Amino acid sequence: MEALDCFNQMQFEGISPDAVTFSSILKVCSSIGALEKGEEIHANIVRDGILGKDSVLGVGLVHMYARCNALLKAEQVFNMLPIQDVVSWTALIAGYAQNGEHEIVFKLFNKMVGEGIKPNLVTFIVILNACSFLGLLDKGRMYFETMGINYGICPTLEHHTCIVDLLGRIGYFESAMKAIQGMPSCDHLPMWFALLGASEKWGNVQLGRLAYDHVIQLDHTSTAAYVLMGSIYTAAGMQEDAVNVEALRLENMAWLA
């Protein structure tokens, strides 16, 4: 909101925004879901005639509309871009993914590849997350392997985490642990959180405790970790352990204060 206030004050003082200014304020609109303000910015960009001169602005508009759940407008802007590169494609695909339109995600990915655009690291994170959300194990593994075989992309910790999350969601805990052991590093907080969340879903106390211990080792101030572990213990009827975890959470919060 302070950023928006600065932007409005700048215009009030007669200082014209440039492409960098517009790009920054579009990110603000995306983060707070300010669709009306985003549309106003879009109109200003079109009025100033700079949309076709800066590809970053086009991607910013696609991302803003997608994050504000205006997917049709996001696609309209995308279709009007002079250059539809992997960044703009990924922004559109991510928008549909964020709004739960996962079947469209796969269709857009196939269309992008069909038009000769090579996906990048971020594209595959979006695709793998969609596979995880839908529990598509075979499809997720296929995309994971495709990264290296077809595009020469070395999976990052984020891609490995997507696979761990997918395996955990469908209850394949042994495979999830094997995937973790095959990762270039085990000190990745989101990966252990993915496993902790899956442990809560399936009521796996042993694996939940393992994931919890790793999370706390990496970040002992993580409130979510204490809450998830407490929930796992409570569901398993281990009330004393749940109370101990809550006490530890309060102790750490008091230390922070």
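# Helix contacts in a predicted model

Visitor: In which helix does Leu 218 lie?
Guide: This is a predicted model in which local features need pLDDT of at least 70 and side-chain atom pairs count only at pLDDT 80 or more, while totals for chains, interfaces and linings use all residues. Residues are numbered from 1 along each chain as its sequence is written, and side-chain values use heavy atoms, with hydrogens and water left out. Helices are DSSP runs of H or I with at least four residues, strands are runs of E with at least two, and both are numbered from the N terminus. On that basis, Leu 218 lies in residues 205-218, helix H13.

Visitor: What is the relative accessible area of Leu 218?
Guide: Buried denotes under 20% relative accessible area, exposed over 50%, and partly exposed the range in between, with a 1.4 Å probe and protein chains only. Leu 218 counts as partly exposed because its relative accessible area is 37%.

Visitor: Which residues does Leu 218 touch, not counting those up to four places away in sequence?
Guide: A contact requires heavy atoms within 4.5 Å. Under that criterion, and with residues up to four places away excluded, Leu 218 touches Asp 187, His 188, Leu 189 and Trp 192.

Visitor: How many helices are there in the chain?
Guide: The C-alpha trace of the chain spans about 65 × 50 × 30 Å along its principal axes. Of its 257 residues, 43% count as buried. The chain has zero strands, and its helices number 15.

Visitor: How far apart are the end C-alpha atoms of helix H7?
Guide: The expected span is 1.5 Å times one less than the number of residues. Helix H7 holds 13 residues, 102-114, and should therefore span 18 Å; this agrees with the separation of its end C-alpha atoms, 18 Å.

Visitor: What arc do the buried residues of H7 cover around the axis?
Guide: The buried residues of H7 are His 102, Val 105, Phe 106, Leu 108, Phe 109 and Met 112. They are on the same side of H7, because the arc that they cover around the axis is only 165°. The arc is taken over the directions from the helix axis to the C-beta atoms. The face turned away from this buried side carries the exposed residues Glu 103, Lys 107 and Gly 114, whereas the arc of the buried residues is 165°.

Visitor: At what angle do the axes of H7 and H8 cross?
Guide: Axes are lines fitted to C-alpha atoms, for helices over the stretch in contact, and angles run from 0 to 180 degrees between N-to-C directions. The axes of H7 and H8 come within 10 Å, and their crossing angle is roughly 145°.

Visitor: How many residues of the contact of H7 with H8 are nonpolar?
Guide: H7 contributes His 102, Glu 103, Val 105, Phe 106, Phe 109 and Met 112, and H8 contributes Thr 123, Phe 124, Ile 127, Ala 130, Cys 131, Phe 133 and Leu 134. Ala, Val, Leu, Ile, Met, Phe, Trp, Tyr, Cys and Pro count as nonpolar, Asp, Glu, Lys and Arg as charged, and the others, Gly among them, as polar. The contact has one charged and two polar residues, and its nonpolar residues number 10.

Visitor: Is Thr 123 buried or exposed?
Guide: Thr 123 is placed in helix H8. Leaving aside neighbours within four places in sequence, Thr 123 is in contact with Val 86, Thr 90, Ile 93, Phe 109 and Met 112. Because its relative accessible area is 0%, Thr 123 is buried.
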